[in-house]
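Hi,

Here is the structure I promised to pass on. Have a look at it first, then read my notes below.

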Amino acid sequence: MAVKLRVILPHVVLLLFAVIFLFPFVWLVMTSLKTPEEILKFPPSILPETFQWSNYKEALQAIPFTRYMMNTFLICMVNIIGQLFSAPLVAYSISRIPWRGRNIIFTIVVATMILPAQVQMIPQYIIFTKLGWVNTIMPLTIGAFFGAPFFIFLLRQFLLGVPTELSEAAKIDGASELRIYVQIIMPILKPALATVALFSFVWSYVDFMGPLIYLNDSAKWTITVGLQSFQQDHGAQWEKLMAASTIMAIPMILIYFFGQKYFMKSGSALTGFK
Amino acid sequence: MRVSTAANQRKHVSGWSRKERHYVYLGLAFASPWIIGFLAFTVYPFFGSLYLSLTEYDLFSPPKWVGLQNYEQIFADDRFYKSLGNTFFMAFISVPITLTVSLLIAVMLNFKVKGINYYRTIFYLPSVIPIVASALLWTWMLNPDFGLVNMALRTLGLTDPAWLLDPRYTKPSLILMSLWGSGSGALIFLAALQGVPRQYYEAAQVDGANWWYRFWKITVPALSPIILFQLIMGLIGAFQIFTESYILAGGKVDGSGSLGGPEQSLLFYAVNLYQEAFVFLKMGYASALAWILFIIVLLITFILLKTSGRWVYYGGE
């Protein structure tokens with residue numbers, strides 16, 4: 001009996017919590033498929049009487065959804081390119097090139113991770129205003145080309161695990177550092193670079209404050225700002241708001257299902273933070 | 001300087017060898033993207049905001065030097081204290097709650113049962129939902145009349161708070177929402193848990209230690225460095241809460257012309273700062289707010305790191 005309990009109990013606990021964690025999703029999708037009258041019914045039913053797929057069509061028409069999505073994806077793509085270019089270079093410098101000063105650089109990289117963004121925000125805004133970059137994607141993407149501290153840290157952790165013998169052999173054959181980086185290290189880094197690309201995408205996709213501050217022209221809005229304004233204008237139309245939220249969540253859910261192992265990897269890299 | 005002490009330890013006191021110099025150039029070249037970005041987008045703005053904090057600046061006319069006036073005004077401003085109080089609530093009540101729940105979930109996700117990977121997927125899923133979307137979902141879930149949470153509470157015969165409309169419940173609403181997203185913290189704990197040697201548990205089990213004892217005497221100490229890391233990151237995150245508040249409060253200003261929901265109960269430090277800078281265009285004043293924020297975060301991190309020696313155990317035998 002005691003043995004049986006030890007087998008069953010974890011399942012019961014896990015299942016209970018899984019239901020709690022999943023239910024808001026179910027409720028999101030079901031609300032998005034109900035009629036306005038059905039939403040306000042008590043007691044509520046989980047399933048809609050008839051599935052109102054038209055809610056989605058109406059939500060998409062109520063705001064320029066496609067445009068917001070395209071704007072968002074453009075920003076995401078540019079950020080991925082920027083991070084993939086710069087973060088591995090810096091990580092390579094502080095983990096594989098034996099130079100004095102690399103520890104100082106690493107310390108500062110980590111220290112900037114605790115620096116609140118608000119401290120730089122206002123002067124940055126002034127710089128971008130003076131450069132005439134407000135209302136363009138520049139303020140939201142330029143930073144990526146200088147490497148995010150988190151990605152530099154992540155790639156450094158990964159590179160520390162790569163045996164030095166690999167590049168030593170190439171060095172004896174007369175290969176330059178740049179050549180070793182491009183032909184040996186980059187291919188090895190691929191799985192870690194996938195993690196960088198994924199997180200870079202996710203961060204840009206969900207960013208709200210950046211676009212809110214820098215994009216005034218509604219034609220340039222990203223999906224986060226677009227959805228927020230939709231909420232302000234159509235606050236009471238819950239079914240449409242939930243339909244719009246569902247559409248917004250879909251790319252993230254897809255990315256998560258296809259890239260799960262990369263998400264897990266960042267967790268294990270962070271535990272190296274000792 | 002670091003360089004000279006390092007040189008003393010090596011063979012040449014006189015200077016760098018050709019090889020060393022070569023590596024410095026190479027290292028700097030590879031690190032240059034970050035160095036340039038750091039100087040242009042961190043160092044310069046960092047000191048820029050210190051300067052601005054001593055001026056009056058509305059973006060249109062040039063900054064006017066006012067000395068410490070902004071700081072004096074801040075310490076006499078009710079909104080500053082309100083936002084600070086709200087933020088402390090999130091940092092010192094919500095963050096520990098969320099961390100504890102993530103740790104417990106991580107322990108659950110470390111169970112050796114069939115299908116555990118499916119559970120891991122489910123618990124992490126809410127963390128990938130954009131905050132704007134999850135905040136909208138929770139606004140609906142916590143709707144006082146038709147929200148799922150209150151319908152459930154009513155069915156059970158319990159009181160049903162007005163959640164986002166009642167200033168006493170707005171912050172608990174936010175905690176509820178952040179608990180739903182606690183899977184991301186759990187995942188980091190889980191990775192750390194998997195690094196704890198099994199022998200420790202086996203030895204304790206042989207000695208007859210129960211689950212609770214093993215949790216406190218093995219799991220928590222083994223995870224303490226990562227608990228410290230998550231605590232620091234959580235506190236820093238709490239000081240920057242913005243989107244959640246903006247969406248849950250509907251992005252609207254209340255009767256007093258301020259963001260932050262009913263009775264400014266969701267007016268957090270970063271929300272107040274955003275409002276002063278980008279709604280009221282008081283760039284100097286907001287810069288002073290940013291510097292106070294920086295000092296608070298620095299102090300908290302420093303105190304945590306200093307006192308952590310008592311409870312954080314670093315690996316090794």
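Let's start with charge: chain A has 19 positive and 12 negative charges, and their mean positions lie 11 Å apart. Here Lys and Arg count as positive and Asp and Glu as negative, leaving out His and the chain ends, and each charge is placed at NZ of Lys, CZ of Arg, CG of Asp or CD of Glu.

A word on the source: this is a predicted model, where local features need pLDDT of at least 70, side-chain atom pairs count only at pLDDT 80 or more, and totals for chains, interfaces and linings use all residues. Residues are numbered from 1 along each chain as its sequence is written, chains are lettered from A and ligands numbered from 1 in the order written, and side-chain values use heavy atoms, without hydrogens and water.

Back to chain A: you'll find 13 helices and zero strands there (DSSP runs, numbered from the N terminus: H or I of at least four residues for helices, E of at least two for strands). The C-alpha trace spans about 75 × 70 × 30 Å along its principal axes. Of the 274 residues in chain A, 53% are buried (under 20% relative accessible area, with a 1.4 Å probe and protein chains only).

Now for one residue in chain B. Thr55(B) sits in strand β1, residues 55–56. Thr55(B) counts as buried because its relative accessibility is 0%. Its contacts (heavy atoms within 4.5 Å), leaving aside neighbours within four places in sequence, include Trp65(B), Asn70(B) and Tyr285(B).

Cheers

Methods: Buried means under 20% relative accessible area, exposed over 50%, partly exposed in between (1.4 Å probe, protein chains only).
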